Amino acid sequence: MTISFPASIQSGRLSLTALTAADLPLYQSLYNNPLTMQFVGPCYPPAQSALYFQHCLTKTQTAGSGWHFYTIKLRHQAKAVGLVSLIAKPFTQAPYEFGILLETTARGCGYAEEALTALFLYCFTIAKLPALLACVAPDNPGMQKHLSHFGFVNAPAALKKNAKLNSYLLLSTADTILQLTKRQQQFCRAQPAPLIPANPTSR
């Protein structure tokens, strides 16, 4: 299943904006940061990350590819602090897998929860997806906490992508949508995002 997603998804403090060529420095910063990559994989040197970035950008800009990468931007600073992705999977039960990476300097502000709330709400209320898939390292406490908070449950064995990763589902139920809507409303009433240094050090 491939679905057209918008160029941007808005939240109270954040804007999820489709990946552009200008986002290469952010991508390289995230993928060359040992703390960010701790539960993802080895860091990418600049030349390698530039190739991977171009692949993600081309896929994102190609209609029907099933790849959707968004930068997480602070609306009041127009500053990018992370990436969130949706990648199509061959599963009717959960057509897309999501992922997220956040700059270390932007952690602890609730940005991950807010960005995922906006993304999940769009997926369930506009795109009408039946569920979303998450594949996470079992020793990744931060992501495990987010999944539990949103109500993800263990996925069937048929949806398991990798023996080293745990697979989880967030089902599009009336209760899930209600909880996401309440969170979105809270974020819309929140204060503007705290200031982030103009050139945070991520290495």
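Ring pairs join Y27, Y31, Y44, Y52 and F53 into a cluster. Rings of Phe, Tyr and Trp (its six-membered ring) count as paired if their centres lie within 6.5 Å; planes under 30 degrees apart are stacked, over 60 edge-to-face, and the rest tilted. The model is a predicted one, in which local features need pLDDT of at least 70, side-chain atom pairs count only at pLDDT 80 or more, and totals for chains, interfaces and linings use all residues. Residues are numbered from 1 along each chain as its sequence is written, and side-chain values use heavy atoms, with hydrogens and water left out.

The structure holds 11 aromatic pairs. In one of them, the ring centres of Y44 and Y52 are 4.7 Å apart and the planes stand at 75°, so this pair is edge-to-face. Y52 is partly exposed, at 35% relative accessibility (buried is under 20% relative accessible area, exposed over 50%, partly exposed in between; 1.4 Å probe, protein chains only).

F98 and F152 form a tilted pair, with 5.7 Å centre to centre and 45° between the planes. F98 lies in strand β5 (residues 96-102), and F152 in the loop between α4 (141-150) and β7 (153-154), so the pair ties together parts 54 residues apart in sequence. Helices (H or I, at least four residues) and strands (E, at least two) are DSSP runs, numbered from the N terminus. F98 is buried at 6% relative accessibility. F152 is also buried, with a relative accessible area of 10%.

Helix α3 covers residues 111-125, 15 residues in total. Of these 15 residues, 13 are buried, so α3 is largely enclosed by the rest of the structure.

Notes:
The expected span of a helix is 1.5 Å times one less than its number of residues.
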